[in-house]
Amino acid sequence: MPKLKSLTVCLSVGAIAVSATAALADVGHGKKTKFGEPGVEHHVSRTIEVRMGEMYFEPSAIDVKAGETIRFVVINEGDAVHEFNIGTEENWVAHLGEMEKMIDQGMIDFDRIDHEKMRSMGMMHEDANAVLMEPGESREIIWQFPERATEVGVACNVPGHRESGMVGTIEFQVGS
Ligand SMILES: [Cu+2]
């Protein structure tokens with residue numbers, strides 16, 4: 001199987017405005033999963049910029065090496081709230097109910113997130129593997145992929161978005 005061309009874009013992190021709320025990611029969720037774990041800065045080997053909009057991730061296919069730690073710089077260039085969530089279909093389906101609840105209770109609107117309301121209702125939502133972003137926001141996730149190739153991808157779990165094709169694939173490069 002031929003090696004896929006890398007779709008990565010390296011860029012100066014200093015040029016990116018990162019929301020201060022990134023630091024508030026729920027540490028209670030900073031645990032190991034089948035598809036990897038929160039990575040640490042000094043293990044980062046590449047930075048990959050991912051743009052989100054209605055209803056896409058660009059790039060929609062990302063190659064990683066087993067065990068690699070990647071800094072994802074995620075930009076919401078769309079008009080709606082979108083999520084960048086590293087996981088599997090099983091996780092996404094499980095997460096959808098929580099998302100629907102947040103919309104029902106007014107914590108998420110079409111183009112804005114009421115962080116205050118979320119906090120007051122005890123729903124931080126920010127997991128180490130996911131960021132929920134308003135239009136125009138840029139955020140970072142450092143993620144370490146497991147030592148063995150496994151099923152993993154990215155999706156937006158705002159209701160209706162994944163179903164409309166807002167998913168991306170993550171492939172482990174062969175022989176790495
Ligand atoms: Cu979305």
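User: In this model, where does Met-55 lie?

Analyst: The model is predicted. Met-55 lies in the loop between strand E2 (44–53) and E3.

User: What is the peptide bond from Glu-54 to Met-55, cis or trans?

Analyst: Start with the general idea: most peptide bonds are trans. The bond from Glu-54 to Met-55 is cis, with omega near -15 degrees. A cis peptide bond also joins Glu-58 and Pro-59, where omega is about 5 degrees. Pro-59 sits in the loop between E3 and strand E4 (61–64).

User: What is the order of the open sheet that holds E3?

Analyst: In general, the strands of a sheet pair through backbone hydrogen bonds, either parallel or antiparallel. Here 5 strands form an open sheet in the order E1-E8-E5-E2-E3, and the pairing is mixed. Strand E1 (37–38) and strand E3 (56–58) stand at the edges; each has a single partner strand, so one side of each lacks a neighbour in the sheet.

User: How many bridges join E1 to strand E8?

Analyst: There are 2 bridges between E1 and strand E8 (residues 138–144), and the two run antiparallel. For Glu-37, the bridge partner in E8 is Gln-144.

User: How does E7 pair, and what is the bridge partner of Asn-85 in E7?

Analyst: Strand E6 (residues 82–87) and E7 run antiparallel, joined by 4 bridges. Asn-85 has Ala-130 as its bridge partner in E7.

Notes. Residues numbered from 1 in each chain as written. Predicted model: local features only at pLDDT ≥ 70, side-chain atom pairs only at ≥ 80, totals over all residues. Pairing = 2+ DSSP bridges.
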